[in-house]
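Welcome! Please have a look at the sequence and the model before reading on.

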Amino acid sequence: MVKERMIVRPLDLLLRYVDEDSPFGDATSESIIPDIRCLAVIKAEREGIVAGLDEAGMLFSYYGTEVEFTAHDGDRVRPGDLLLELAGRARAILLVERTALNIIGRMSGIATRTSKIAAMVASVNPGCRIAATRKTSPGFRLFDKKAVVIGGGDPHRSSLSDGILIKDNHLALVSLEDAVRAAKNSTKYKIIEVEAESPADARRAVRAGAHIVMLDNMSVDEIRSTLAILEEEGLRKKCTIEISGGIDERTILDFAALDVDVISLGSLTHTVTNFSVNLEIRQI
């Protein structure tokens, strides 16, 4: 069943975060800070790939603050580097401060880790891409996915509406062949992906016409065996092979060395190390 939905703009989401942080205003600033203007800067406190500056700038601008970008999303920055210079009403800057820093911190953390893992994979398999999953922070998926792209990864599906991914719980209700056939009959425009947990399932998925086969929670040896079977039967080049499940920095080189096209990691967005940044007020 198709339901009508309002398209949510990025700015609308950002303003919701500010509303969440100040549902009845900023009690402290409104009590003690006069209506004055000030200057402020946002600096990096660690090295990595910065992201979220566009979103932070959008928020500050909405509240009347002048924003100068001294760095841009995707730049590699070092501790002490200036990211943004701000000029505006002190209360407005303080109102947005924590929300903006949270956004930059989370998105930069995702972009930095994505960049690191993408470089590791490229060192052994230049043709393989890393991808995110739908395991994102509630209400923050749009920005989590953008951060992955800034870090050099693939966003994968942003929602259930973006593509057809036939998983184990679907296959508990309908056969793999019937599922792929029904998916193909429903659209000519969406990629059809099938999750496979065994070499036999992978073979069936390719023969049924899946565009992508995800080898889920398989060991390196199990994946190697599955790829060999597909190669022997002339099926390997007929689909994209994605692998997922239980892969992290400690094991990813072993998986990347296989003949696979995509490695998806939920941890890119569900386990995020914050990228530390700070805002310093400089009174005019």
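At what angle do the axes of helix α1 and helix α4 cross? The axes of α1 (residues 10-21) and α4 (residues 90-124) cross at roughly 125° and come within 9 Å. Before going further, a word on the model: it is predicted, local features need pLDDT of at least 70, side-chain atom pairs count only at pLDDT 80 or more, and totals for chains, interfaces and linings use all residues. Residues are numbered from 1 along each chain as its sequence is written, and side-chain values use heavy atoms, with hydrogens and water left out.

**The overall picture**

The protein has eleven helices and twelve strands; these are DSSP runs numbered from the N terminus, with helices (H or I) of at least four residues and strands (E) of at least two. Its C-alpha atoms fill a box of roughly 75 × 45 × 25 Å along the principal axes. Of the 284 residues, 46% are buried, where buried means under 20% relative accessible area, exposed over 50%, and partly exposed in between, with a 1.4 Å probe and protein chains only. Contact here means heavy atoms within 4.5 Å. Among contacts between residues at least 6 apart in sequence, 72% join residues at least 24 apart.

**Helices around α4**

Helix α4 packs against α1 and also against helix α5 (residues 141-150). The axes are lines fitted to C-alpha atoms, for helices over the stretch in contact, and the angles run from 0 to 180 degrees between N-to-C directions.

| Helix pair | Angle | Axis separation |
|---|---|---|
| α1 and α4 | roughly 125° | within 9 Å |
| α4 and α5 | about 40° | 7 Å |

Angles under 35 degrees count as roughly parallel, over 145 as roughly antiparallel, 65 to 115 as roughly perpendicular and the rest as oblique. α1 and α4 are therefore oblique to each other, and α4 and α5 are therefore oblique to each other.

On the α1 side, Leu-14, Tyr-17, Val-18 and Asp-21 meet Leu-95, Arg-98, Thr-99 and Ile-103 of α4. By class, this contact has five nonpolar, one polar and two charged residues; Ala, Val, Leu, Ile, Met, Phe, Trp, Tyr, Cys and Pro count as nonpolar, Asp, Glu, Lys and Arg as charged, and the others, Gly among them, as polar.

**Into the core**

The largest nonpolar core is a set of 79 residues, in which Ile-42, Val-213 and Ile-263 touch the most other members. Such a core joins buried Ala, Val, Leu, Ile, Met, Phe, Trp, Tyr and Cys residues through side-chain atoms within 4.5 Å. Helix α4 gives the largest share of this core, 15 residues. Leaving aside neighbours within four places in sequence, the contacts of Ile-42 include Phe-60, Leu-101, Ile-104 and Val-277.

Cys-38 lies in strand β1 (residues 37-44). Is Cys-38 buried or exposed? Cys-38 counts as buried because its relative accessibility is 2%. The C-alpha atoms of Cys-38 and Ile-93 are 8.6 Å apart, although 55 residues separate the two along the chain.

Most residues other than glycine have a negative phi. His-156, not a glycine, has a positive phi of about 60° and is partly exposed, with a relative accessible area of 23%. Asn-217, also not a glycine, has a positive phi of about 55°. Asn-217 sits in the loop between β9 (212-216) and α9 (220-232) and counts as exposed at 55% relative accessibility.
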